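Trainee: I would like to go through this model and ask what the labels rest on.
Mentor: Go ahead.

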Amino acid sequence: TELDDPLQLASVVEPGAQPGSRALALLLVLLLLAPWSVGFIVTAIRHKRVVRRLRWRGQVLHVGTIGIALLDLFPALLDVVLGGRDLIGVALPSALEVEGDRSDGPSRVGAIDLSLALAPGASLSTLLWMWRWYLQNKTAELDRKLGWEAFREAHLTYKRPASPP
């Protein structure tokens, strides 16, 4: 790879959400708007918090708390549209809370969570180690591979029903 400045090894500007990712997130937001609105009303009537704000290294991330995975993705997709998150990455709230106080290393967070693909069934400390590796090696190709793996783990893997006692 040719560099214009031989002393520059990496960009000092943190990358934002790519235009294609932002457009896809906007499309998903528009598709989820009606169901999320119904979930919002039902959850608000039950006097529960619908969106939780999570401090993350000087910015605020939004985490859905409706309890339906697809609808809980809505606030994170809005963060992608606004450029505060990547579309694909780590979005596990417990991991974000632990890592939020650290100032070293990359700091991009995703909306679609790859935790299942990075370290399925692993402890939080193992997941954080894998997360740091992922953030340092993040590429579009890696996102595609891990995104498919996370989708497969979450939706396509056959889970044997529990046997009766």
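**Contacts, burial and confidence**

Mentor: This is a predicted model. In the chain, 61% of the contacts with a separation of 6 or more are between residues 24 or more positions apart.

Trainee: Why is Asp79 called buried?
Mentor: Buried means under 20% relative accessible area. Asp79 has 6% relative accessibility, so Asp79 counts as buried.

Trainee: Where is Asp79 found, and which residues does it touch?
Mentor: Asp79 is in helix α2 (residues 69-81). Leaving out residues up to four places away in sequence, Asp79 touches Leu61, His62, Gly84 and Arg85.

Trainee: Why does Leu31 count as exposed?
Mentor: The cut-off for exposed is over 50%. Leu31 has 58% relative accessibility and therefore counts as exposed. Its place is in helix α1, and Leu31 makes a nonpolar surface patch of about 290 Å² with Leu24 and Leu27.

Trainee: Which residues of the largest nonpolar core touch the most other members?
Mentor: Leu96, Leu118, Trp131, Tyr134 and Leu146, out of 21 residues in that core. At least two residues of this core come from each of β1 (51-56), β2 (59-64), α3 (93-99), α4 (115-118), α5 (124-136) and α6 (140-156). Helix α5 gives the most, with 6 residues.

Trainee: What does Leu118 touch?
Mentor: Not counting residues up to four places away in sequence, Leu118 touches Val90, Leu127, Met130, Trp131, Tyr134 and Leu146. Apart from this core lies another, of 14 residues, including Leu32, Leu71, Leu87 and Ala111.

Trainee: How do you know how much confidence the predictor has in the chain?
Mentor: From the pLDDT, which averages 77 over the chain, with 77% of the residues scoring at least 70.

Trainee: What are the pLDDT and the contacts over residues 5-14?
Mentor: The pLDDT is below 50 there, and the stretch has 3 contacts in the model beyond near neighbours in sequence. Residues 158-163 also have a pLDDT below 50, with 1 contact beyond near neighbours in sequence. Where pLDDT is low, predicted coordinates should not be read in detail.

How values were computed:
Residues numbered from 1 in each chain as written. Predicted model: local features only at pLDDT ≥ 70, side-chain atom pairs only at ≥ 80, totals over all residues. Heavy atoms only, no water. Core = buried A, V, L, I, M, F, W, Y, C linked by side-chain atoms within 4.5 Å. Buried < 20%, exposed > 50% of the residue type's maximum accessible area, 1.4 Å probe, protein only. Helix = DSSP H or I, 4+ residues; strand = E, 2+ residues; numbered from the N terminus. Contact = heavy atoms within 4.5 Å. pLDDT = per-residue confidence, 0-100. Patch = residues over 30% accessible without salt bridge, like charges linked within 9 Å, V, L, I, M, F, W, Y side chains within 5 Å. Areas by Shrake-Rupley, 256 points an atom, 1.4 Å probe, with all protein chains shown as cover. Salt bridge = Lys/Arg side-chain N within 4 Å of Asp/Glu carboxyl O.
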